[in-house]
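Q: Can you walk me through a few local features here? Keep it quick.

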Amino acid sequence: MSEAASYGALLDAVRGVHWPARRAVSSLLPGAHHSTLRGTSAEFTEYRLYRQGDDPRRVDWRLLARSDRAYIRLANDRAVLPTTIVLDTSASMAFPVATRDKWRLAQELTIGLAAVAHADGDPVGVALHDARGKAMNLPPRTRRDVVAEIARVVLADQPGGSEPLAPLLRGLRSARLVVLSDLLGDEEDLLRAVRAHIVSGGEAHVAHVIAREELDPPRRTLLAADPEQGFVQRMLVESSRREYEERFAWWRDDVARRWRAAGASYTEVVTDEPAPRAVRRVAASGER
Amino acid sequence: MMSWVLPSALAIGAVACVALVAVHFIARDRPVAEPLPTARFVPDRRIHARTTSFALTDLLLLVLRIAAVAAIGLGVAGPTIAGGRGRVARIVLVDRSRGVLSVAEARDSVRSMGAADVLIAFDSAARTLTTPRSLDSVEKTGAVGSLSAAFAAANAAAGSVASRADSIEVLLVSPATDEEVDAATPAIRAAWPGRVRLLRVHADTTSTPVGGGLELPRTSNDPVVAGLSLVPSGELQSSVRLVRGRLSAADTAWGREAGRVLVHWPASDSVADWPKRATIDAIGGVASGTGALVARLPRLWAVNGRAIARWADGEPAAVERAFGAGCVRDVAVLVDPASDVTLRAPFRDFARALLGPCGGTRAFGSADSVTLSRLAGTGPLAAARLFRVAASESSRFTPWLLLLGAGLLLAELGLRRTSKVAA
């Protein structure tokens with residue numbers, strides 16, 4: 001099966017989905033999102049009295065002729081929203097071992113969200129660690145084959161290692177960051193970096209990828225080993241199962257609360273959810 | 001034929017081997033770790049998960065362990081190859097008591113039975129003869145025979161021949177008279193775990209007294225004389241002379257004759273030269289084999305010899321000593337001249353033992369058939385292994401087997417370490 005065939009159905013499923021910016025964008029390039037700038041676009045908004053320093057070319061000469069007062073025409077600008085998808089490729093994403101559902105869902109989310117952003121005319125790129133643990137950044141582009149390029153990079157990668165995600169965010173210039181991760185690595189540092197990005201005017205989305213098997217582990221005696229921290233090995237038995245579920249649920253609630261408090265859009269995605277639906281939920285989470 | 005010094009060690013070794021196999025296949029181990037990214041949320045408690053594995057793993061280790069335990073078990077059990085297969089050791093008990101008519105007859109009987117491993121001569125006590133030639137020196141004694149002593153000696157001697165034979169036979173050469181069987185004889189005989197071959201010789205019925213009379217001093221107002229005069233003469237088996245004063249030459253000459261009993265019973269402390277007791281006291285009674293006399297009696301002398309009567313505290317009150325072919329009895333019981341205790345029946349009962357034949361009453365009649373059959377017993381000969389003392393036996397294979405076990409354990413240790421390194 002070719003790469004295109006593997007995600008072609010997904011692209012068909014997310015066609016028509018829009019991903020609006022959560023607030024006005026300060027970008028200069030014209031795009032589909034509301035801009036913080038008001039300029040000369042054809043979409044008229046209001047008049048304002050001419051003030052010294054305004055560009056004389058924006059004066060509405062006809063209105064000046066009728067009213068003998070100088071007004072300038074104001075119009076809302078539209079701008080693009082450069083988007084970078086940060087994909088977690090740590091070893092914990094390769095779970096369950098047999099099916100790698102978390103990794104598969106994260107790949108599909110990456111491709112789907114890239115396609116949605118690209119369809120809105122936004123530049124889109126991806127940042128991740130390659131199979132050797134080396135940081136790799138595909139800068140946001142608007143060219144036609146960017147989604148295919150992103151798909152090729154993502155599908156060629158393999159989860160492994162335990163490289164932190166936060167350093168990947170520091171060099172990114174995109175206004176919109178999308179983090180696709182299980183947040184089981186450097187979640188604190190990641191949240192700190194995202195908070196800094198939001199404070200500087202950007203917006204952030206996080207899709208928290210969770211495996212069904214993590215929510216409902218096998219009902220048998222299990223020596224659970226953390227794939228990223230081999231020294232963490234704990235016995236999961238029926239008597240401790242309830243406490244495990246309570247602690248995991250409390251942690252997920254806490255993560256969601258903290259990320260939302262930081263101004264990010266938080267979406268919990270479970271592996272048994274179809275990828276197109278998850279893409280729609282992530283895209284819709286930014287609407288206000 | 002192979003035998004074992006400690007056969008129970010074989011059973012213990014077998015149980016240990018079975019336990020080893022069970023422990024090998026019922027292994028407790030940690031389950032295999034499975035990745036779970038959210039393992040950090042599992043409560044960190046000390047939980048022991050038990051799994052049962054029936055896999056045939058580490059078979060070589062198991063074989064080494066079993067071989068080591070088996071070798072050690074065999075070593076402790078101590079295999080021995082018996083040299084005397086089917087051999088029967090013989091313990092011969094030769095009676096030389098007064099009941100035997102002729103010891104020569106007993107000697108001839110023993111010789112006719114062939115060689116003996118252990119030769120024991122007995123009367124009231126038993127003595128092991130060191131060499132077969134010692135049999136010629138065995139002579140008849142005047143002591144009462146005791147089959148109890150004979151069987152006890154046989155039991156004690158069995159241990160010395162048990163290692164050289166499979167079975168032990170006891171050959172009893174004795175007339176087996178009534179007087180040789182006492183209350184302990186059945187129990188001691190039952191302690192011998194096999195049948196006994198009984199070879200009876202003739203009893204000395206010729207020495208049995210057939211009748212006698214009592215010569216009393218011609219004195220008046222003597223309570224002892226008065227009391228003894230009431231004893232029916234038909235009860236006497238020997239000729240008995242009572243002397244109340246000092247023994248005269250005529251008395252001693254009379255007492256030397258066979259079958260005669262000279263009873264020296266002083267009427268006062270001045271007519272006897274016996275050693276005095278350290279403390280002269282009085283005691284409440286005196287008893288003989290035929291009766292007891294309850295009265296306040298003074299004790300002046302300490303007499304020595306075969307006790308015929310004893311004071312209430314066990315000290316001899318009357319003794320018998322051989323004198324020529326007869327015997328003399330010293331009766332250290334002073335009777336108050338004014339007492340009438342001697343006129344009563346208990347005195348006569350007490351005195352019958354004093355008037356009996358030398359050596360006491362003889363019962364040379366053959367023991368009854370039931371007793372004889374019990375003495376002989378039934379079934380096989382006694383097994384020699386019952387008399388072997390485990391601690392005294394050893395096996396020449398034991399050190400080598402223990403060494404082999406230690407070597408196998410070392411090999412098991414090495415193999416286990418090698419397996420761990422490989423893992």
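Q: Where does A:Pro96 lie?
A: A:Pro96 is in the loop between strand 3 (83–87) and helix 3 (101–119) of chain A. Helices (H or I, at least four residues) and strands (E, at least two) are DSSP runs, numbered from the N terminus.

Q: Experimental or predicted, and how is everything numbered?
A: This is a predicted model: local features need pLDDT of at least 70, side-chain atom pairs count only at pLDDT 80 or more, and totals for chains, interfaces and linings use all residues. Residues are numbered from 1 along each chain as its sequence is written, while chains are lettered from A and ligands numbered from 1 in the order in which they are written.

Q: Back to the proline. Is the peptide bond from A:Phe95 to A:Pro96 cis or trans?
A: Cis, with omega near -5°. Most peptide bonds are trans.

Q: What about phi of A:Arg100?
A: Near 50°, a positive value in a residue other than glycine. A:Arg100 sits in the loop between strand 3 and helix 3 of chain A.

Q: Why does A:Arg100 count as partly exposed?
A: Because A:Arg100 has 18 C-beta neighbours inside 10 Å. Buried takes 20 or more other C-beta atoms within 10 Å, exposed 12 or fewer, and partly exposed is in between; C-beta atoms are placed from the backbone.

Q: Now chain B. Which residues of helix 3 are buried?
A: In helix 3 (residues 103–112) of chain B, B:Val103, B:Ala106 and B:Val110 are buried. Down the axis of that helix, its buried residues fall within an arc of 55° (directions from the helix axis to the C-beta atoms), so they line one face.
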